[in-house]
Amino acid sequence: MPRYLTLDDLNVSERTVLVRSDLNVPLEDGEVADDFRIRMALPTIQRLREAGAKVVVCSHLGRPKGADPAFSMAPVAARMSELAGFEVRALGAVVGDEVQQAVSDAGPGDVLVLENTRFEPGETKNDPDLADRLASLADVFVQDAFGSVHRAHASTVGVAERIRSAAGPLLVAELESLGRFLGAPERPYVVVLGGAKVSDKLGVIENLLPKVDTMLVGGGMCFTLLAARGYEVGSSLVEEDQVDSVRSLLDGPHGDRIRLPSDVVVADAFAEDAAPRIVAADEIPADMMGLDIGPETAESFSEVIRGAQSVFWNGPMGVFEWENFRAGTEAVAKAMAECGGFTAVGGGDSAAALRMLGMEDRVSHLSTGGGAGLELLEGKELPGVAVLERWAS
Ligand code: ADP
Ligand code: MG
């Protein structure tokens, strides 16, 4: 029994299909700075279009507080048109009379993009009225936004409760690839965590630790763990209020699975041109901050990764955007490429780092999702996927 319908189960010819894509891309000066998620979303849209559907695409973009032109989908639609070679028209609103009219005026094969769903305050509250209005736009709904299915929003859950809904091909591919880490992944199973969002990811450590053989922690988040070990971490990124709970994790039954840096690259300022200096992890000067893992750590982390059968990596090992603090991330990326097992990378910045290093094709799976992938690995239910099950019976 399939858990959800797929495009193979839908007849979309001459019908209106609402697609929830993940078009949450970084913008710079009003233009798309990185089109990875757009390129990944397009094949589904193209397939629906070729099947004769009228395609209405929606997505959130960034975290605007209400309608804000700086977060408009217009530049995204423009980039979609360029990449796809057919017209993708941005509508000026998420719902409303003008949107209804534009959708009914469109014909088979037309592709319309709604405005940023987070311009509607009801989106993140999964407001029933907004969900009704989104559902009224289409005959069927296709959920293809893997990066958003861990959120119960109007455009991920509300709409799927109301009209016949299927999982899109990108979502299916993500669930199948990352599903390899669930149940009985091939061992050794290693998770590599880094990045800046410390408090977001501390819960992840707790939930993943019982499942993995080794957890390698670098990036900004490692300093909260080093602080919990009693080390002086200078002016590095630390979540003071998390130190106690991290300490109980480190002292807990699986604490020895966590591997922390033995050396770090420090600087006296958070700046691109700050002079890098390598110090032992327990000798960080009080006026310095850690901006990358050190070379000894990079080598030992790489060894663990190369020896693994399943590796999931989320979060850069350092401030990879700056050359002086990129070596740790680069070493981990190389080790992922050399690993003979199943390797997956998730997270917007982690994916950007891989591409910057020209290594996006060197891992088994490059995920479009960050938080959603981590929640999947943690064994949590993804509300945007669970809601699809009702249509499969
Ligand atoms: P992802 O998008 O892959 O989930 P995050 O958004 O959590 O990753 O973190 C990425 C950011 O973390 C990068 O911009 C990087 O510069 C930053 N970062 C990594 N290491 C450090 C550090 N030691 N101090 C401050 N920022 C860091
Ligand atoms: Mg990020």
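Student: Which domains does the domain assignment of the protein give?

Tutor: Domain bounds come from an automatic or database domain assignment. Here the assignment gives domain 1 (7-172) and domain 2 (180-378). In the contact, where contact means heavy atoms within 4.5 Å, ten residues come from domain 1 and twelve residues from domain 2. The C-alpha centres of domain 1 and domain 2 are 33 Å apart.

Student: What should I know about the model and its numbering before going on?

Tutor: This is a predicted model, in which local features need pLDDT of at least 70, side-chain atom pairs count only at pLDDT 80 or more, and totals for chains, interfaces and linings use all residues. Residues are numbered from 1 along each chain as its sequence is written, chains are lettered from A and ligands numbered from 1 in the order in which they are written, and side-chain values use heavy atoms, with hydrogens and water left out.

Student: How many helices and strands does the protein have?

Tutor: Helices (H or I, at least four residues) and strands (E, at least two) are DSSP runs, numbered from the N terminus. The protein has 14 helices and 18 strands. Its radius of gyration is 22 Å, close to the 21 Å that the globule rule gives for 393 residues, so the protein is as compact as a globular protein of that length. That radius is taken over C-alpha atoms, and the globule rule is 2.2 Å times the number of residues to the power 0.38. Along the principal axes, the C-alpha atoms fill a box of roughly 65 × 45 × 35 Å.

Student: What percentage of the residues in the protein is buried?

Tutor: Buried means under 20% relative accessible area, exposed over 50%, and partly exposed in between (1.4 Å probe, protein chains only). Buried residues make up 58% of the 393 residues. Among contacts between residues at least 6 apart in sequence, 74% join residues at least 24 apart.

Student: Which residues is Thr16 in contact with, leaving aside its neighbours within four places in sequence?

Tutor: Thr16 lies in strand 2 and counts as buried, at 9% relative accessibility. With those neighbours left aside, Thr16 is in contact with Lys54, Val56, Val103, Leu137, Ala138, Asp139 and Val140.

Student: How do I read backbone angles?

Tutor: Most residues other than glycine have a negative phi, and most peptide bonds are trans. In this structure, Glu14 has a positive phi, near 65°. Glu14 is in the loop between strand 1 (5-6) and strand 2 (16-20), and is exposed, with a relative accessible area of 66%. Asp29 also has a positive phi, near 50°. The loop that holds Asp29 runs between strand 3 (27-28) and strand 4 (31-32), and Asp29 counts as exposed at 84% relative accessibility.

Student: What is the peptide bond from Arg187 to Pro188, cis or trans?

Tutor: That bond from Arg187 to Pro188 is cis, with omega near 5°. Pro188 is placed in the loop between helix 6 (169-178) and strand 10 (189-193).

Student: Where does Lys197 lie?

Tutor: Lys197 lies in the loop between strand 10 and helix 7 (198-208). At 52% relative accessibility, Lys197 counts as exposed. Lys197 and Val32 are 165 residues apart along the chain, and their C-alpha atoms are separated by 23 Å.
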